[in-house]
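Welcome to this tour! Please open your viewer, switch to the cartoon view, and get ready to select parts as we go.

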Amino acid sequence: MTKVKICGITNLEDARMCIDAGADALGLNFVSASPRCISVADARVIADAVSGSIEVVGVVANMDLDAMRELLGDAHLDTLQLHGDETPSVVSALLPHAYKAIRIANANDVEIAMTFPGDDLLLDAKVPGVLGGSGHAFDWSLIVDIAKKRRITLAGGLTPENVQSAIRAVSPHCVDVASGVEVAGNTRKKDVSRVRAFVTASK
């Protein structure tokens, strides 16, 4: 069964709602440029409240290795999702508590993804100037082969309306959604009906 990660959680109410809806993981964003960014203190409150009920993933970009290790402990996270220019050696140093996010536009990007260590990879749409959470999809046919070899989390433009098609096309280990389940016009609040519809469609 495909796992579901709801990303861009900014408050405890939404975190608990996602657990009730049947999600398997939450994403907490620490990238300062993101409208979904939260503080370490707020993240720790959420992580402590949901500990043992759901995986808590920290979304980061271009932090140094020591800072990422510190964040894992300070925010009580299970895993880090690396969206910046991190090298394979940085990912390796954080295993098993990290995986690389790669933006995909062509077959060369898929080859780059394969150079990163660990079982898990997140594959997202490549949108100029955006590290992730763009709400744009990409050509899923590009990643069918890599999804047979690695535990792929598929992201990028997924919604309750298209996630079944994505799962049929790719057979990913996990699907990731942020903007596709948000309250219209509010990047910091999830729509409970859309979260439930996304989880139901995925599973």
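A residue counts as buried under 20% relative accessible area, as exposed over 50%, and as partly exposed in between, using a 1.4 Å probe and protein chains only. This is a predicted model, where local features need pLDDT of at least 70, side-chain atom pairs count only at pLDDT 80 or more, and totals for chains, interfaces and linings use all residues. Residues are numbered from 1 along each chain as its sequence is written, and side-chain values use heavy atoms, leaving out hydrogens and water.

**Stop 1: the cysteines.** Select cysteine 18, which is buried with a relative accessible area of 0%. Its sulfur lies 10 Å from the closest cysteine sulfur, in cysteine 7, too far for a bond. Cysteine 7 is buried as well, at 8%. A disulfide is a pair of cysteine sulfur atoms within 2.5 Å, and the structure holds zero of them.

**Stop 2: the barrel.** Helices (H or I, at least four residues) and strands (E, at least two) are DSSP runs, numbered from the N terminus. Now show strands S1-S2-S3-S4-S5-S6-S7-S8: they make a closed barrel of eight strands with parallel pairing. Two strands pair if DSSP finds at least two bridges between them. Zoom in on S3 (residues 55-60) and S4 (residues 79-82), which pair over four bridges. Where does valine 59 find its bridge partner in S4? Select glutamine 81 to see it.

**Stop 3: helix H7.** Select residues 192-202 and pick out Val195, Phe198, Val199, Ala201 and Ser202, which are buried. They sit on the same side of H7, because they cover an arc of only 165° around the axis, taken from the directions from the helix axis to the C-beta atoms.
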